[in-house]
Protein chains: 2
Amino acid sequence: MLTDQIARTRRFYRAVTAESGALDSSYLGLGRPLGPARVLNAIGQGMEELDQIRNYLRIDSAQLSRYLRGLEDEGLVTTRISGSDSRCRIATLTDAGAEEIRSYERLSDEQASTVLARHPRPKALLDAMDLVAIAFGLDRTRYEIVSPSDPRAQACLNAFYTELSQRFERGFDVAKSCDPDHADMTPPRGAFLLMMLDRLPIGCAGLKGTDHGYAEIKRMWITPAARGMGLTHRLMAEIEDKARALGINTLRLDTNSILTEACAYYRKHGWTEIERFNPDPYPDLFFEKKL
Amino acid sequence: MLTDQIARTRRFYRAVTAESGALDSSYLGLGRPLGPARVLNAIGQGMEELDQIRNYLRIDSAQLSRYLRGLEDEGLVTTRISGSDSRCRIATLTDAGAEEIRSYERLSDEQASTVLARHPRPKALLDAMDLVAIAFGLDRTRYEIVSPSDPRAQACLNAFYTELSQRFERGFDVAKSCDPDHADMTPPRGAFLLMMLDRLPIGCAGLKGTDHGYAEIKRMWITPAARGMGLTHRLMAEIEDKARALGINTLRLDTNSILTEACAYYRKHGWTEIERFNPDPYPDLFFEKKL
DNA sequence: GATAATCGCTGACAATAGTCAGATAAACTG
DNA sequence: CAGTTTATCTGACTATTGTCAGCGATTATC
């Protein structure tokens, strides 16, 4: 049975490497050799320090130097000396470079939508791709502090509310819940944290400042495809760090005993159950943690 | 929402290309440049005609020639002139070549099991990988006629029986069903057909010869990850071809009205409902088709 | 403030991959 | 059987990628 699982995994690898042959060559669709194209693309993804680019693309310093000079000659990239350490250099796209990146993006988008369009069950395929992408990308997650009204934050929140309304017997209506003021979840009073993989959010958590000597954790959510992989712990650790950085030393949160995984997590990780501290109708369990 | 789907698809691509960088270099783990390694591997996969190899690897004729000569010099491959067309050549692995392939296989197996071992929900990951692999590999399906006792056939049949026992209200017990004699599903009386993707079966169908002027289609099954993509039709077309080749001109089958997708398919594709023609307790619908 | 370490650059190669124009032999076509 | 097509191979290049040693300039270390 294990050999069967290995065979399935290898079949997957074969399928995607066969498929992504087409993807790799789309880099080349721009009529540029792979090396410089990858560098241009890395810069377009926001990588600036040469060190970072070298590390990501795993190319030699001499190689990168030559690629960069080539891209500079073509007027796609400029480099300047870093302010903080004048040994280091920073690469930036010129307008022409940015335009070239955009055309690459368009091409990739087209390819992606072709893949989806060709499939009779795009939703199932997307879910499967999410699971795989998250499984493989766990080490590349990043955090971002955004406004609670950021569209990516809103997307997470909507998914969260939808899930609550399905899990709670009597449904869930945000309007009836204590929806935190945006100001309370914005620095310096609080924060709203997104966990990102590539450019998509896979989880969120809100830190709501109060005037009562503690802050609350609100709207803690991880996308279903990413559950069971210890991401909750990472996200909580990250938001606790943020809280400490804001000078907060007591955290509270409310939850519902229906959300068994969450409750188990809190009990196991230094949270202690306390008395109800707000009138919100949905929660029935309340926790506190000293930082 | 569509842009979101595209972003998810592209995240998937990024994840697997980042991941399969490791995979690609495992080719190189053998200490051989990518080109010759790919050729060696293609031959190891059973590709023999140079034309076929060139086509699969998309490499130039001159290039392949040189790679082959290099592999010959190393004693990993021999080439001989094809019997049917002496312009063509056939490449075969030597023992040393086969051993090198095996060490590559071991490496790939190890990598695959590492990926699985690292994941907290290997079953979900495997299901997702299957779905993706099948979606991407649809054009590479092959058919194979095997004995019904072949382990791959047995794996399909067990999956089929398990599914039936879940879908039928009173469960399913093969022993109580009319389990066809293996001889009836073996040429020249009949056949057992596997639909393969890479080296794994994704579906099966049995053709059971009888002495009553017709043959029966039995044990028609497609793996869940591959459903909704028109594979039933392909598999049915293939087995009808096989039936014709065996000189069969009337097909019958039995099914249960619970299996709504299957019934809808039969009605739509030239099958006409007929009276019960066997005493099997599980089916309640009977079809016939003239070829 | 001397010494060591780091960063990016250039030069000099070596290895690998891709391309094209014939050459040769075999097979197909009428 | 002459002419054409096909499959493979060789030679001659070019393009691309990978590697190493060493050079200035700058920064870290003691």
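Start by selecting chain A and chain B together: across their interface, twelve residue pairs are in polar contact, both residues at pLDDT 80 or more. A polar contact here is a pair of N or O atoms within 3.5 Å; within protein, one must be able to donate a hydrogen and the other to accept it, and residues adjacent in sequence count only if both atoms are side-chain atoms.

Before going on, a word about the model: it is predicted, so local features need pLDDT of at least 70 and side-chain atom pairs count only at pLDDT 80 or more, while totals for chains, interfaces and linings use all residues. Residues are numbered from 1 along each chain as its sequence is written, chains are lettered from A and ligands numbered from 1 in the order in which they are written, and side-chain values use heavy atoms, with hydrogens and water left out.

**Stop one: the side of chain A that touches chain B**

Color helix H1 (2-28), helix H5 (95-118), helix H6 (122-137) and strand S5 (200-209) of chain A; these elements each give two or more residues to this side (helices, H or I, of at least four residues and strands, E, of at least two are DSSP runs, numbered from the N terminus). H1(A) brings the largest share, 17 residues. By type, this side divides into 30 nonpolar, eight polar and 16 charged residues. Nonpolar covers Ala, Val, Leu, Ile, Met, Phe, Trp, Tyr, Cys and Pro, charged covers Asp, Glu, Lys and Arg, and the others, Gly among them, are polar.

**Stop two: the salt bridges**

Now show Arg10(A) and Glu105(B), which form a salt bridge with their closest N and O atoms 3.1 Å apart. The two chains share ten salt bridges, each a side-chain nitrogen of Lys or Arg within 4 Å of a carboxyl oxygen of Asp or Glu.

**Stop three: DNA strand D**

Next, select the 23 residues around DNA strand D, of which Arg66(A), Ser86(A), Arg54(B), Ser65(B) and Arg69(B) come nearest; a residue is near if one of its heavy atoms lies within 4 Å of the strand. Zoom in on the phosphates: a polar side-chain atom of Arg69(B) lies 2.6 Å from a phosphate oxygen. For Arg54(B), a side-chain N or O atom is 2.7 Å from a phosphate oxygen, and Ser65(B) also has a side-chain N or O atom 2.7 Å from one.

Finish with H4(B), which gives the largest share of the surface near DNA strand D, five residues. That surface divides into eight nonpolar, five polar and ten charged residues.
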